[in-house]
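Good morning, and thank you for coming. I would ask you to look at the sequence and the structure together while I speak.

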Amino acid sequence: MTKFNIFSLIKNSLSYHENWEQHWRSPEPKKEYDIVIVGGGGHGLATAYYLASEFGITNVAVLEKGWIGGGNTGRNTTIIRSNYMWDESAKIYEHSLKLFEGLSQELNYNIMFSQRGVLNLAHNVHDLQEMSRRGTAIKLNGIDTTFLNPEQIKEKVPLINLNGRYPILGGLFQPRAGSARHDAVAWGYARSADKLGVDIIQNCEVQGFDIKNGKVQGVKTTRGNIKTKKVGIVCAGHSSVIADMAGFNLPLETVPLQALVSEPIKPVLDTVVMSNAVHVYLSQSDKGELVIGAGTDEFVSYSQRGSFDVIEHIMPPIIELFPFTSRLRQLRQWGGMTDCTTDRSPIISKTPVDGIMINCGWGTGGFKATAGSGNVFASSLAKGEMHPIAQPFSIDRHYDGYLIDEAAAAGVAH
Ligand SMILES: Cc1cc2nc3c(=O)[nH]c(=O)nc-3n(C[C@H](O)[C@H](O)[C@H](O)COP(=O)(O)OP(=O)(O)OC[C@H]3O[C@@H](n4cnc5c(N)ncnc54)[C@H](O)[C@@H]3O)c2cc1C
């Protein structure tokens, strides 16, 4: 594999960058694999990479019905943070953040991880109380977080309007949080997994399972049947569709979530600002566009687009908080299908079918977990037992009541 460094850059510049090698192969599916991963998003690719790199299991296929990273991985607003309320969440999101911190070096692929910090705004006394509680819980878990008063916020974000219709009374700031380039994360994992021997098979839709006596024997795909004794399902918005093929139900619903970007402007914002109360957040991309995210649509849908009223709902608060945006044109808008559980925490679990494990339910906030989720899911698949960090996220919690309620704790989950 070509190493990306100054020498390879110079060498390839001599041939006008036309001779870089392909990042990953496009192999024909084999008849049998030790492990099949269904879904070539960031989580599926990360799982395959850690299976090969940490557990030496390389006879692995990632089956993707479209192109890798074309699902929510390539559609999200790329915010990475670990300031979650509950211990179980803190463990997995912090595990992920730590892996992200070394990922560009580990993969030798620039994922453009920018630790520019994430600021959550408080607009009323209730927000302040919630922040005080959450901030204390976060600190008890050893995760960086700091409370900022309105003057400190103004210093950090000079263009913010402190005294509008949504007055700003304070904010919770995580300095190590930030953003990364979403498709670079998918491509970086894909390239490294491929080099370790993993087969990444695109345009290969899983349409059913071969299950005998409650045990998985293989998967049925648009490119033929593939034998395997172990399957990891990592299909985000399509998780319940795939689970149905394997004969079990999932306690989640798929709803659209959308985002939009403005025309590019000069640098105006060097952190991420989120407001749970008004359900918007924004950051500025390297290209200069303001990346704006909203809440979910309130109906179940598999269309990869959101409804217009969500955009109408978020624009007034954005203009209140950042009056300079009132004359900014919006460039484009898109949506993804998010798999939301009632407690807004993921499901990483064994299933009723022996040999099939599932990793889903990341809903509106799973990009930040890509590295950690892939890492603990790989361990679970390799050992046949759930990794300790993954254990609390079993499907069973929806039936025994041990929910990890980040819906109430974090408001906006992204
Ligand atoms: C607008 C938007 C903004 C978001 N913002 C953030 C954010 O700022 N921060 C954050 O942490 N998270 C965010 N998220 C959530 C985040 O994008 C997801 O939780 C995360 O990307 C899920 O990754 P994944 O690999 O599990 O899923 P995906 O990337 O969706 O991958 C699943 C893959 O499975 C494939 N697949 C489905 N069915 C089949 C089949 N039958 N056979 C084969 N393949 C199949 C799909 O084609 C898809 O490529 C956002 C999501 C959206 C939509």
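Helices and strands here are DSSP runs, numbered from the N terminus, a helix having at least four residues and a strand at least two. Please keep in mind that this is a predicted model.

With that naming in hand, I begin with a loop. H279 lies between strands β14, residues 272-275, and β15, residues 280-284. Although H279 is not a glycine, its phi is positive, at about 65°. Its relative accessibility is 31%, so H279 counts as partly exposed.

R344 is located in the loop that joins β17, residues 330-341, to β18, residues 347-350. R344 is not a glycine, and yet its phi is positive, at about 60°. Because its relative accessibility is 33%, R344 counts as partly exposed.

Let me now turn to the interior. In general, nonpolar side chains tend to be buried together in soluble globular proteins. In this model, the largest nonpolar core contains 51 residues, and Y50, Y189 and I348 have the most contacts inside it. Two or more residues of this core come from each of the strands β1 (35-38) and β2 (60-63), and from each of the helices α2 (42-55), α3 (87-101), α4 (103-107), α7 (182-195) and α10 (370-383). Which of these elements gives the most to the core? The answer is α2, with 7 residues.

Consider Y189 in more detail. Setting aside its neighbours within four places in sequence, Y189 is in contact with G42, L45, A46, Y49 and Y50, and also with L103, L107, T370 and A371.

I come next to the packing of the helices. Two packed helices are described by the angle between their axes and by the distance between those axes.

The crossing of α2 and α7 is left-handed. On the α2 side, the contact is made by G42, L45, A46, A48, Y49 and Y50, and on the α7 side by A186, Y189, A190, S192 and A193.

The next pair is α2 with α10. These helices pack at an angle of about 55°, and their axes are 7 Å apart. That angle makes α2 oblique to α10. The crossing of α2 and α10 is right-handed. From α2, the contact draws on G42, H43, A46, T47, Y50, L51, E54 and F55; from α10, the residues include T370, A371, S373, G374, N375 and F377. By class, the contact of α2 with α10 has 9 nonpolar, 8 polar and 2 charged residues.

T47 is placed in helix α2. Is T47 buried or exposed? At 0% relative accessibility, T47 counts as buried, because the cut-off for that class is under 20%. Apart from residues up to four places away in sequence, T47 touches I37, G374, F377, A378 and L381. By contrast, the C-alpha atoms of T47 and L328 are separated by 40 Å, with the two residues 281 apart along the chain.

The last pair is α3 with α10. They pack at an angle of about 105°, with axes 7 Å apart. That makes α3 roughly perpendicular to α10. Here I92, H95, S96, L99 and F100 of α3 meet T370, A371, G372, N375 and V376 of α10. The residues of the contact of α3 with α10 divide into 5 nonpolar and 5 polar, with no charged residues.

I shall finish with a residue in a strand. T221 is situated in β10, residues 215-221. Its relative accessibility is 9%, so T221 counts as buried. Which residues surround T221, leaving aside neighbours within four places in sequence? T221 is in contact with L63, C204, E205, V206, Q207 and I226. T221 and I389 are 168 residues apart in sequence, and their C-alpha atoms are 32 Å apart in space.

That concludes my presentation, and I thank you for your attention.

How values were computed
Residues are numbered from 1 along each chain as its sequence is written. This is a predicted model: local features need pLDDT of at least 70, side-chain atom pairs count only at pLDDT 80 or more; totals for chains, interfaces and linings use all residues. Side-chain values use heavy atoms; hydrogens and water are left out. A nonpolar core is a set of buried Ala, Val, Leu, Ile, Met, Phe, Trp, Tyr and Cys residues joined through side-chain atoms within 4.5 Å. Buried means under 20% relative accessible area, exposed over 50%, partly exposed in between (1.4 Å probe, protein chains only). Contact means heavy atoms within 4.5 Å. A crossing is left-handed if the near helix is turned anticlockwise from the far one by less than a right angle, and right-handed if clockwise. Axes are lines fitted to C-alpha atoms, for helices over the stretch in contact, and angles run from 0 to 180 degrees between N-to-C directions. Angles under 35 degrees count as roughly parallel, over 145 as roughly antiparallel, 65 to 115 as roughly perpendicular and the rest as oblique. Ala, Val, Leu, Ile, Met, Phe, Trp, Tyr, Cys and Pro count as nonpolar, Asp, Glu, Lys and Arg as charged, and the others, Gly among them, as polar.
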